[in-house]
Structure formats: structure tokens, C-alpha cells
Amino acid sequence: MSARIYILILLTGWASRGFGQGISVSDLRFHSEFEEKVLFNTSSEPALSLLLVADESVDQQRAESDLTTYETNLAFYQSQQRKYKSEEQFLKFFFYRVHRKELKNYEQYVSLADQFETGQYDCLTATSLYFLYLTDLGYEVNLVETDYHIYLKINTGERAFLFESTDPIAGFISSQNEIQEKEREYLSAQRQSISGISSNTRSGQKSYIQNSMLTKKQLAGLNYYNRAIAAWNAKEIVKAVALVDKSYFLYPSDRISNVRDYFRGQSELLASK
């Protein structure tokens, strides 16, 4: 069998193709009626549901429970938002409060549903949660996807702030000089080697930004993508192919297209033996 894939977000570049080009919702294999309902109605379903259903253990009851938890937390953050005199003070409070109360332990390839249940998180699920909260709190948020990582920037008019979701100690960055330095670090070969995350970028080669304006649907596609990688590494080939198909349907980027082609080719090869 092919080698394991040790990546959080596989690295290949991106293309602005049409939504789900080459695959329709009728081509997908669903693990539940609830998942099918959500993916048939991506524009009307809650954004949280779209991110949760990548986990096959999520049914409507669990999604509604997580949505209730989310809305309760959101109401608290909205009440606190009104008490702070500056955006910087609130965003700093918000970043560390979420990390302290909702993000407990870093673990690769967890799902957003796992995160709600156990507090285990990775860079994608934690950033997804921050993105949902910040959007509902009324902020303009840029989700930035590099070839091996994802982070977010908040624009408040005159100021910008950066959230590094994997850093519970110094992940809130408000200094404009420090933001610029952090973004240079994300794109450096040094950062790539320190991260310990494998990529298609050769050792010593600079990283690059694939998408600086991820949408909620594309973010859902990346959540499906990571679930597909986890399934492949667990040698669950049929499941991995089904997940990467749904990933591609939501976000037909080059990176996902390349992995989808690889998974499908290897699946057909194994089936022919």
C-alpha cells in the first residue's frame, strides 16, 4: 500500500475553478441522511453544521447540541464585547478565553466535533472555531491558507490583528510590525522545518500563500480534506475516497484535486489486484 500521508493541510497550490466543477452532490457518498441534507443545502444550513458533518459520528441531534453550546458561548462573548473600550482589549480577552475554556490539548487530525466534545484541537479546527465566532461577532476576517498551515487576520478599519490558533501563550498578535514578521515566518523555510509538518514543498524552499480569502464553504472543504487524510492513514481507503470527493465538491482547489486523483488511482489499483 502507499505510504502514509503526514500532513495537516497538503501542499500544492490552488486554482479558482467553479464550485464543485466535475462533481455534483448526486455523485457523493454520504455517511448519514443528515450529512446529505446539509450538503444539499449548503447556503441555508448553519455554517457550524457544514463544518461538523465531516465527522461521520455527527448526526442531527449532536449537531444541534453543539450548535446550542456554540450559541451560548457566542452570547457570552457578545455580552463581553460591549464592555470593552477598545477592539484590541476585547480581541485579546476573546482569544485567550477561547483557548483557556474551549481548546485544551493539541492533537493532529481531530474533527471540529471532537473539539466540542473533548477540547482536543489542531490548527484547522481551532482556526475554524475562531473564524465562526469572529464572523458572528461582526468582524471582517481573512482566513489565510498557506501550503502547510492556516491562520486568520482580523481587520477593524485602522488596525489589523493576527490569531495563531496553535499558540495558547502568544497567539494573539496586535503589533503591526510583529504581524508582518509573523507572516514572513509563515512563508519561510525555517518555519517550515520547525513546524515538523511534511509538505510537497522541498526542504529549504520557501512556503507560499495558496488562498488569502477562504470562504466558509472552502473551510468546510478543508475540514473534509483532513478527515480524508486521517482515514487514508488509517488504511480506510473507501472512506478516504468518499471524504476527499466531498472535500473537492466544497473546495475544488489544486491541492485537493491532486490528492483526490491520487486516492482514486490507488483505490482502483488496489481493487484490480
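**Reading a cavity and a helix pair**

Mentor: The largest cavity has a volume of about 40 Å³. On a 1 Å grid over the protein atoms alone, a cavity is a set of points where a 1.4 Å probe fits but cannot get out, and lining residues have an atom within 4 Å of a point; grid points are joined across faces, edges and corners, and a volume is the space filled by probe spheres set on the points. This is a predicted model, in which local features need pLDDT of at least 70 and side-chain atom pairs count only at pLDDT 80 or more, while totals for chains, interfaces and linings use all residues. Residues are numbered from 1 along each chain as its sequence is written, and side-chain values use heavy atoms, leaving out hydrogens and water.

Trainee: Which residues line the largest cavity?

Mentor: Rolling a probe the size of a water molecule over the atoms shows where empty space is left. Here the lining includes Leu51, Leu52, Asp55, Val110, Leu112, Asn223 and Arg227, and the elements that give two or more residues to this lining are α2 (47-52), α5 (112-118) and α9 (216-233). Helices are DSSP runs (H or I, at least four residues), numbered from the N terminus.

Trainee: At what angle do α3 and α4 pack?

Mentor: Two packed helices are described by the angle between their axes and the distance between the axes. Helix α3 (residues 60-81) and helix α4 (residues 87-102) pack at about 150 degrees, with their axes 11 Å apart; axes are lines fitted to C-alpha atoms over the stretch in contact, and angles run from 0 to 180 degrees between N-to-C directions. The two helices are therefore roughly antiparallel, a term for angles over 145 degrees. Their contact (heavy atoms within 4.5 Å) includes Phe76 and Tyr77 of α3 and Phe90, Phe93 and Arg97 of α4.

Definitions and conventions:
1 Å grid on protein atoms, 1.4 Å probe; cavity = no way out; pocket = protein on both sides within 12 Å on 5 of 7 lines; lining within 4 Å. Parallel < 35°, antiparallel > 145°, perpendicular 65-115°, else oblique.
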